[in-house]
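User: I would like a close look at one part of this structure, please. Take me through it step by step, in short sentences.

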Amino acid sequence: MIDATAPKPSLWQRIKKSLFRLREYRIKIPATITPELVGRDEDVKKIERLLQQGVSVIVTGPTGIGKSFLIDKLRYPKKVLEIDDHKEFKRSLAACLVHLLGSEEEPGRQAVANLIYGTDNPDALVVKTSKESMPNLCRLLCDACGRKEYILKINDLESVTPSVVRILEMLKDHFVILTTARTVKMNNSSFLWDFEKIDLKPLSRPDSLRLFHRLTADLELQQVEWIQNKIHDTASGNPRMVMELAERIRQEPVIDAFVVDEICNNYLGRQTREIDISPVLLLLFGSLMILRYVGRETGDQELTFIGGAVLVMMMFARYFLKEGRRKGM
Ligand SMILES: Nc1ncnc2c1ncn2[C@@H]1O[C@H](COP(=O)(O)OP(=O)(O)OP(=O)(O)O)[C@@H](O)[C@H]1O
Ligand SMILES: [Mg+2]
């Protein structure tokens with residue numbers, strides 16, 4: 001703001017200013033990065049279309065790939081009820097019910113609230129609904145709104161309990177459900193049978209670089225191209241990794257290839273990336289079977305024994321590998 005009433009500086013003040021210039025300090029203000037969705041146009045279009053059609057969707061992909069971020073950035077074609085904590089499923093369901101029944105925009109629903117609970121005051125409804133059982137809450141929730149009128153957004157359905165699965169079975173025909181999970185175990189999640197699965201892939205190289213550029217546009221990078229390549233190779237298109245690496249290099253006073261190389265090599269995120277060893281195991285398994293067969297055919301007991309022993313060891317290999325990985329981290 002310019003203060004027009006401020007007195008003009010005197011001659012002495014002006015001389016002093018030019019003689020004793022203030023030293024300039026560059027202060028790095030940690031940028032609050034407001035991330036935008038990068039490179040998910042096709043997925044967004046597809047999910048929005050499916051939700052519009054009333055089809056439930058599950059977004060899958062490894063950790064950090066951007067499932068939760070994506071579903072937060074959608075333009076929802078219907079009204080949304082959100083279950084923000086699936087571990088507190090009952091409390092979240094009750095909150096949804098209170099939201100519906102206590103809504104001032106819906107006098108009809110307030111009348112229902114008065115009928116069932118004798119009040120439409122949201123605070124009183126919180127107390128009353130918290131005493132309901134989960135199946136009751138489900139029934140009330142379905143009665144309180146039209147079929148497929150609302151999208152039920154449930155972030156992260158990883159490791160749902162059997163009781164939650166039963167609840168989802170009850171809700172899935174009345175709501176359009178949008179949820180996320182790293183992996184889907186179909187044998188104990190039959191409510192997902194008619195869901196559409198959208199598997200998020202790593203960002204393409206241009207999108208990865210675009211995201212990195214957005215996050216570091218204000219920084220002075222030396223050997224930019226080398227740095228970009230290193231970041232892309234380290235993150236392998238995982239946006240969370242790109243973001244974390246960008247944030248990490250912001251801490252450095254000078255950002256050049258040497259510094260970025262060290263940061264990337266020490267970045268723990270990339271070490272957690274799972275290596276798919278199933279083709280190797282399959283090959284090994286096949287070779288051992290052949291070994292055993294040849295041993296039996298030629299009557300070579302040793303060969304048969306080695307084949308058999310390694311075969312047994314391989315049965316437990318998965319367990320040992322898992323344990324090793326856990327200890328390694
Ligand atoms: N498409 C994207 N564009 C820009 N930034 C992204 C994108 N996807 C993810 N991110 C960034 O990566 C971070 C991690 O993403 P998110 O939390 O959505 O991962 P997730 O797949 O839900 O992981 P988890 O399985 O651990 O819950 C986000 O907070 C966001 O900053
Ligand atoms: Mg998530």
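Analyst: Start with F69 and ligand 1. A backbone N or O atom of F69 lies 2.7 Å from an oxygen atom of the ligand. Keep in mind that this is a predicted model. T63 makes its approach through the side chain: one of its N or O atoms there is 2.5 Å from an oxygen atom of ligand 1. At V38 the backbone is involved again, with an N or O atom 2.9 Å from a nitrogen atom of the ligand.

How much of ligand 1 does the protein cover? On its own, the ligand has 630 Å² of accessible area, and the protein covers 85% of that. Two elements give two or more residues each to the shell: α3 (67-72) and α11 (239-250).

Now count the shell. It holds 17 residues, and the closest are T63, K67, S68, F69 and R182. By type, the shell has 8 nonpolar, 4 polar and 5 charged residues. By domain, at least three residues come from domain 1 (41-199), and at least three from domain 2 (205-271).

Next, look at the strands. Begin with β1, residues 57-60. V57 and V59 sit on one side, I58 and T60 on the other, and all four are buried.

Which strands pair with β1? One is β4, which joins it in the parallel sense over 4 bridges. Within that pairing, V59 stands opposite T180. Another is β5 (residues 196-199), also parallel and also joined by 4 bridges. There, I58 stands opposite K197.

Follow β4 onward. This strand covers residues 176-181 and runs parallel to β3, with 4 bridges between them. I151 stands opposite V176 in β4. On to β3 itself, residues 150-154: 5 of its 5 residues are buried. Y150, L152 and I154 point one way, while I151 and K153 point the other way. Even K153 is buried.

β3 has a further partner, β2 (residues 79-83). These two strands pair in the parallel sense over 5 bridges. L81 has L152 as its bridge partner in β3.

Now step off the end of β3. D156 lies in the loop between β3 and α8 (162-171). Is D156 buried or partly exposed? D156 counts as partly exposed because its relative accessibility is 26%, and the buried class ends under 20%. Its backbone stands out too: phi is positive, about 70°, although D156 is not a glycine.

Finish with another loop residue, S236. Its place is between α10 (224-235) and α11. S236 has a positive phi, near 50°, and it is not a glycine either. S236 is partly exposed because its relative accessibility is 32%.

Technical notes: Residues are numbered from 1 along each chain as its sequence is written. Chains are lettered from A and ligands numbered from 1 in the order in which they are written. This is a predicted model: local features need pLDDT of at least 70, side-chain atom pairs count only at pLDDT 80 or more; totals for chains, interfaces and linings use all residues. Side-chain values use heavy atoms; hydrogens and water are left out. A residue is near a molecule or strand if one of its heavy atoms lies within 4 Å of it. A polar contact is a pair of N or O atoms within 3.5 Å; within protein, one must be able to donate a hydrogen and the other to accept it, and residues adjacent in sequence count only if both atoms are side-chain atoms. Accessible areas come from the Shrake-Rupley method with a 1.4 Å probe; for residues, only the protein chains shown count as cover. Ala, Val, Leu, Ile, Met, Phe, Trp, Tyr, Cys and Pro count as nonpolar, Asp, Glu, Lys and Arg as charged, and the others, Gly among them, as polar. Domain bounds come from an automatic or database domain assignment. Buried means under 20% relative accessible area, exposed over 50%, partly exposed in between (1.4 Å probe, protein chains only). Two strands pair if DSSP finds at least two bridges between them.
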